[in-house]
Amino acid sequence: MPDIKNTQDLKNELIRKSIHLSSSVIPVSYLFIDREIEIIILTLFTILLIFVDILRVKSKSFGIFYLKILKPILRTHEKSRDKFLLTGATYIILAFLICVIIFPKQVAITCMLITIFSDSFAAIFGKIYGKHFIKNKTIEGSLAFFISGVLIILLTPKVTISVKEYYLGAAAVFITSLFDLIPFKVDDNILIPLFFGTVYFVLIKIFL
């Protein structure tokens with residue numbers, strides 16, 4: 001008989017990641033939007049989400065409504081009203097905003113897509129096929145992160161015209177997939193895009 005708790009956990013994870021994947025509209029739209037406009041849009045969304053996070057903690061009625069709608073897909077700390085913590089959704093939009101501000105457009109778009117797709121595939125494959133654990137992460141999940149990340153590198157726009165950039169991008173994905181195994185307390189949604197973007201950008205500056 002299947003483990004009901006694990007089945008429900010997987011179902012909730014799939015729902016979470018399907019919402020996560022829907023945020024791909026941000027990097028795709030950034031292909032056609034000027035950097036300044038993208039910064040304004042992401043700033044407004046960040047402010048809105050931070051306001052919602054504050055409201056769910058400070059307002060009892062809104063907090064109850066928030067949990068009633070989203071409880072099945074929230075992480076444990078996102079359900080707490082004891083102290084103010086940002087949710088994963090707020091972190092990811094904040095991370096995207098920072099990426100757009102500090103990285104070239106091509107790098108920022110790749111950062112976003114790596115975070116959206118590779119992180120999602122890592123979580124899902126880890127839950128379904130994970131057998132070799134490092135804390136709460138799995139080697140299988142990291143492999144899914146790396147493979148999907150390399151595919152993204154092959155498809156995304158590049159800073160230079162050098163074919164070497166593809167190899168550097170793959171190297172950045174590999175380093176990030178290993179980094180993701182480290183059990184940090186910082187939310188992955190902000191840690192992964194900024195780490196990957198920094199490694200990718202530094203490698204380009206050094207080798208190209």
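Colleague: Before we start, what should I keep in mind about the model and the numbering?

Modeller: The model is predicted, so local features need pLDDT of at least 70 and side-chain atom pairs count only at pLDDT 80 or more, while totals for chains, interfaces and linings use all residues. Residues are numbered from 1 along each chain as its sequence is written, and side-chain values use heavy atoms, with hydrogens and water left out.

Colleague: Great. How do H6 and H10 cross?

Modeller: Helix H6 covers residues 88-102 and helix H10 covers residues 188-207; their axes come within 7 Å and cross at roughly 20°. That makes H6 roughly parallel to H10. Helices here are DSSP runs of H or I with at least four residues, strands are E runs of at least two, and both are numbered from the N terminus. Axes are lines fitted to C-alpha atoms, for helices over the stretch in contact, and angles run from 0 to 180 degrees between N-to-C directions. Angles under 35 degrees count as roughly parallel, over 145 as roughly antiparallel, 65 to 115 as roughly perpendicular and the rest as oblique.

Colleague: Which residues in H6 meet H10?

Modeller: From H6 there are Gly88, Tyr91, Ile92, Leu94, Ala95, Ile98, Cys99 and Ile102, and they meet Asn189, Ile190, Pro193 and Leu194 in H10. Contact means heavy atoms within 4.5 Å. By class, this contact has ten nonpolar, two polar and no charged residues. Ala, Val, Leu, Ile, Met, Phe, Trp, Tyr, Cys and Pro count as nonpolar, Asp, Glu, Lys and Arg as charged, and the others, Gly among them, as polar.

Colleague: I spotted Cys99 in there. How many disulfides does the count come to?

Modeller: The count comes to zero disulfides, where a disulfide is a pair of cysteine sulfur atoms within 2.5 Å.

Colleague: Is Cys99 buried or exposed?

Modeller: Cys99 is buried, with a relative accessible area of 0%. Cys111 counts as buried at 0% relative accessibility. Buried means under 20% relative accessible area, exposed over 50%, and partly exposed in between, with a 1.4 Å probe and protein chains only.

Colleague: Back to packing. At what angle do H9 and H10 pack?

Modeller: Helix H9, residues 164-179, packs with H10 at an angle of about 145°, with their axes 9 Å apart. Residues of H9 in this contact include Leu168, Ala172, Ile175 and Phe179, and those of H10 include Phe195, Val199, Leu203 and Phe207. The classes are 15 nonpolar, two polar and one charged.

Colleague: And what about Tyr166, how accessible is that one?

Modeller: Tyr166 lies in helix H9 and counts as partly exposed at 31% relative accessibility. Leaving out residues up to four places away in sequence, Tyr166 touches Ile153, Leu154 and Lys158. Its C-alpha atom is 6.7 Å from that of Leu154, twelve residues apart along the chain.

Colleague: Where is Gly149, and what does Gly149 touch?

Modeller: Gly149 sits in helix H8, residues 139-155, and is buried at 0% relative accessibility. With residues up to four places away in sequence not counted, Gly149 touches Ile114, Ser118 and Val173. The C-alpha atoms of Gly149 and Ile175 are separated by 11 Å, and the two are 26 residues apart along the chain.

Colleague: Last one: what is the phi of Lys135?

Modeller: Phi of Lys135 is near 60°, a positive value in a residue other than glycine. Most residues other than glycine have a negative phi. Lys135 is in the loop between strand S1 (133-134) and strand S2 (137-138), and is exposed, with a relative accessible area of 66%.
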